[in-house]
Every structure is written in structure tokens, then in C-alpha cells.
Amino acid sequence: MPNLEAALLDSDINAVGIALDYKNQHEVIQFVDELKLTMPILLGDKNTKKKL
């Protein structure tokens, strides 16, 4: 994720992350904050995981 974030900062590329393996929304927020991510992170579920 940090490498993807770095690539996005100096480009016209848009990316969206999808959280698939998490216990609760706070865990995802903490992950995003720790890595200082600026891209949107969507919350997926079991159905999302199956479709990927």
C-alpha cells in the first residue's frame, strides 16, 4: 500500500482500495491512518470477496 500511495501522489492515476479482511470499521480507519493513505478505502464483505 505505501508503494501504491507514493505512485499516486505524483501522477494522474486514481485508485480505490477495498478492505476485505477486517474485524470492524475502526480497524480499517487505524490501518489507513497508520499508512497515511489518501486514496478512498471501501469496506467490502464476503460477497465482495467472492466476486474478486
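This is a short walk through one predicted model, from the overall fold down to a few residues.

Start with the chain as a whole. There are three helices and two strands, and along the sequence they come in the order α-β-α-β-α. The C-alpha atoms fill a box of roughly 35 × 25 × 15 Å along the principal axes. Of the 52 residues, 17% count as buried. Among contacts with a separation of 6 or more, 65% are between residues 24 or more positions apart.

Now to E5, in helix α1, residues 2-9. E5 is buried and has no salt bridge. How far away is the nearest side chain of opposite charge? That side chain is K36, and the distance is 11 Å. Even so, E5 is in contact with K36, and also with L37, T38 and M39, once neighbours within four places in sequence are set aside.

K36 has another entry on my list. This residue comes just after α2 and takes a positive phi of about 55°. At the other end of that helix, which spans residues 25-35, a side-chain oxygen of N24 reaches to within 3.1 Å of the backbone nitrogen of H26.

Last, the surface. V16, I18, L42 and L52 form a nonpolar patch there, with about 410 Å² of accessible area together. L52 lies in the segment after α3, residues 46-51. Is L52 buried or exposed? L52 counts as exposed because its relative accessibility is 69%, and the cut-off for exposed is over 50%.

Terms used: Residues numbered from 1 in each chain as written. Predicted model: local features only at pLDDT ≥ 70, side-chain atom pairs only at ≥ 80, totals over all residues. Heavy atoms only, no water. Polar contact = N/O pair within 3.5 Å; in protein donor to acceptor, adjacent residues only side chain to side chain. Helix = DSSP H or I, 4+ residues; strand = E, 2+ residues; numbered from the N terminus. Patch = residues over 30% accessible without salt bridge, like charges linked within 9 Å, V, L, I, M, F, W, Y side chains within 5 Å. Areas by Shrake-Rupley, 256 points an atom, 1.4 Å probe, with all protein chains shown as cover. Salt bridge = Lys/Arg side-chain N within 4 Å of Asp/Glu carboxyl O. Buried < 20%, exposed > 50% of the residue type's maximum accessible area, 1.4 Å probe, protein only. Lys, Arg positive; Asp, Glu negative; His and termini not counted. Contact = heavy atoms within 4.5 Å.
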